[in-house]
Amino acid sequence: MRQWPAFRRGLWGFVLLSVLHASAAIAAGDTPVVVGTRTTLTSKVLGEDRPLMIHLPDGYEAAPTERYPVLYVLDAETHFVHVAGMVEFLARTRHIPEMIVVGVPNTTDRTRDLTPPFSKTERGDDGRLLSEVSPTAGHADTFLRFLTEELAPHVEARYRTQPYRILVGHSLGGLFAMHVLTHKPESFNAYVALSPSLHWNSAELVRTAPEALARLAAPGRALYLDEDAEEAPNVANLRKLTRDLRKRKPANLTWRYDELPGQDDHASLPHIGTYEGLRFLFNGWKVPEKLQLTGDLARLEAHYTGLSKRVGYPVVPQERLFNSVGYRHLEAKRLPQALAAFERNITFHPDSGNAHDSLADALEAAGRLQEALTHRERAVALAREHQDPDLPHYQKHADALRARLAAQPTP
């Protein structure tokens, strides 16, 4: 169990407030800040239309060959906005990959969707049978079929995705995540279960999960758990579960449990918990600053090769990272190293106008003007094709180079 450091408490409130303020009334001529889009999927499994919220990475349209992991967040009516902003921020600071965020609201019948089957004799805190208190409860397996048989295929057919799915759930959503991990672990690659309601069905998962996870056959699964230290009954459940997990040492599961120091509550915990959960899942994603400064291409590529092995899908180096390495070499007049960095960037991102335009900068510096013009023109063509807002800049660079070539004396 990892005790919680207190210094990160207020960070994400700023992101959430910023996004919420952007949704205020828009004055004439102002441009809205768009977090995502709303859509609906008709489910045959559930027999109803289900609302969805979709957030695409910044630059998704301008990078037509890029593919992204998908994060599915439950109770999206509460958690979509802050999770989408968090993912965008962490990706911009290179701590995690850019991701597609799919928000799944659970306002239709939350208890039905998110609770595993329960014993017919199970009683609530007031002593009444749960079958009487919540007659629709216990259909988590049906909801999972909706996620895996309908929603995920729909998302993966419509958007450019990597074969990497993350499930984030809070409270009953956390219970659902734990149920899926222990019963159908292949459904997702990683699970973030925040304050999971492990008391459900007389704490059945506390008793059964450690053994199920020790027998986990699906390789490379990851689990992040957290709880508020003042949630005494659930903390006791989580401590017992994680104590048993430590004893069993499941070979195919990487996991961590964090306990917050009682300064959050059940409602606010998901924000900081999701942040830490994503940092845990992608620990080591960010290239060390020293390696970025040295610009050693072989070691940079080795870093990404290691990440690919760990997460189980091919991780392509970030375009802006290799671009920054290239410009660092260019400013230091190390032309061979600069050219090598920009050329590798095009290998990884062949349809990026920016990558071609950047290579042209180095080729011009090396005096290879005709080659530079080829890449300037390629940047312009790609920008036109993808409606890239940087098209005017690429066009200006190409025009200037043509003028420079035309002004050269004829041999």
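1. Helix axes in this note are lines fitted to C-alpha atoms over the stretch in contact, and angles run from 0 to 180 degrees between N-to-C directions. Helices (H or I, at least four residues) and strands (E, at least two) are DSSP runs, numbered from the N terminus. The structure is a predicted model, in which local features need pLDDT of at least 70 and side-chain atom pairs count only at pLDDT 80 or more, while totals for chains, interfaces and linings use all residues. Residues are numbered from 1 along each chain as its sequence is written, and side-chain values use heavy atoms, with hydrogens and water left out.

2. Helix α7 (residues 200–214) packs against helix α8 (residues 232–248) at an angle of about 15 degrees, the axes being 9 Å apart. The two helices, α7 and α8, are therefore roughly parallel (angles under 35 degrees count as roughly parallel, over 145 as roughly antiparallel, 65 to 115 as roughly perpendicular and the rest as oblique). The crossing of α7 with α8 is right-handed, a crossing being left-handed if the near helix is turned anticlockwise from the far one by less than a right angle, and right-handed if clockwise.

3. Contact means heavy atoms within 4.5 Å. Residues of α7 in the contact with α8 include Ala-203, Leu-205, Val-206 and Ala-209, and those of α8 include Asn-237, Lys-240, Leu-241 and Asp-244. By class, the contact of α7 with α8 has nine nonpolar residues, one polar and four charged. Here Ala, Val, Leu, Ile, Met, Phe, Trp, Tyr, Cys and Pro count as nonpolar, Asp, Glu, Lys and Arg as charged, and the others, Gly among them, as polar.

4. The axes of α2 and α9 lie 10 Å apart at an angle of about 35 degrees, and this crossing is also right-handed. In α2, His-79, His-82, Val-83, Met-86, Val-87 and Leu-90 meet Pro-270, His-271, Thr-274, Tyr-275, Leu-278 and Arg-279 of α9. Seven residues of the α2 and α9 contact are nonpolar, four polar and one charged.

5. Helix α11 (residues 297–311) and α12 pack at about 170 degrees with axes 12 Å apart, which makes α11 roughly antiparallel to α12. Leu-297, Leu-300, Glu-301 and Tyr-304 of α11 make the contact with Leu-321, Phe-322 and Val-325 of α12. That contact holds six nonpolar residues, no polar and one charged.

6. On a 1 Å grid over the protein atoms alone, a cavity is a set of points where a 1.4 Å probe fits but cannot get out, and a pocket is an open set with protein on both sides within 12 Å along at least five of seven lines; lining residues have an atom within 4 Å of a point. Grid points are joined across faces, edges and corners, and a volume is the space filled by probe spheres set on the points.

7. The whole structure has one cavity of 30 Å³ or more; the volume of the largest cavity is about 40 Å³. Its lining includes His-79, His-82, Val-83, Pro-270 and Thr-274. Two or more lining residues come from each of β4, α2, β6 (161–170) and α9 (269–281).

8. The largest pocket holds about 840 Å³. Of its 34 lining residues, Ala-63, Glu-66, Tyr-68, Glu-98 and Glu-319 lie nearest the centre. The largest share of this lining, three residues, is from α2.
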